[in-house]
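Open the model in your viewer and keep the selection panel at hand. We will take it one stop at a time.

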Amino acid sequence: MTGPPLPDQKAVSEGDRQLGFIRLVVFGFIALTVIYLSIAIYSRSVRRERLEDEFDADHPDGGAPGARDAYVQAGIAEYNNSVRPKLIGLVYVVPIIAVSIIIYVINTN
């Protein structure tokens, strides 16, 4: 819409737009961080539980003292070097790309 604002509309200054964008970035980053941490913690806990269950199934007598912890630690170290924890990082990338595309499309039309 070009021209002066109608009496019932407020004029939005450039500073207000920039402040709105800064708020979007800050609160969006906070929300994405909460989501990322929640998914990462959940994924690690599921992996740890699965490793514990595998050890218990393979060693019904309980195994040697400390063997279960060593098995779980080795499994978690292997998990940390796998692709899955890195894919969880897409929690940041995909929404940023989507919002950027939406902003671009809205502003070019």
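Begin with α1 and α2, whose crossing is right-handed (the near helix is turned clockwise from the far one by less than a right angle). Select residues 14–58 for helix α1 and 67–80 for helix α2: their axes come within 9 Å and cross at roughly 140°. That makes α1 oblique to α2. Helices here are DSSP runs of H or I with at least four residues, numbered from the N terminus. Axes are lines fitted to C-alpha atoms over the stretch in contact, with angles from 0 to 180 degrees between N-to-C directions.

A note on the model: it is predicted, so local features need pLDDT of at least 70 and side-chain atom pairs pLDDT 80 or more, while totals for chains, interfaces and linings use all residues. Residues are numbered from 1 along each chain as its sequence is written, and side-chain values use heavy atoms, without hydrogens and water.

On α1, pick out residues including R44, R47, R48 and E52; on α2, R68, Y71 and E78 are among the partners. This contact divides into seven nonpolar, three polar and eight charged residues.

Now move to α4, residues 90–108. The axes of α1 and α4 come within 9 Å and cross at roughly 150°, which makes α1 roughly antiparallel to α4 (the term covers angles over 145 degrees). Select L24, F29, L32, T33, I35, Y36 and I39 of α1 with V91, Y92, P95, I96, V99 and I103 of α4 to see their contact. By class, twelve are nonpolar, one is polar and none is charged.

What lines the largest pocket? Select F21, L24, V25, G28, F29, L32, Y92, P95, I96, V99, S100 and I103. Ten of the lining residues are nonpolar, two polar and none charged.

Definitions and conventions
Helix = DSSP H or I, 4+ residues; strand = E, 2+ residues; numbered from the N terminus. Parallel < 35°, antiparallel > 145°, perpendicular 65-115°, else oblique. Contact = heavy atoms within 4.5 Å. Nonpolar A, V, L, I, M, F, W, Y, C, P; charged D, E, K, R; others polar. 1 Å grid on protein atoms, 1.4 Å probe; cavity = no way out; pocket = protein on both sides within 12 Å on 5 of 7 lines; lining within 4 Å.
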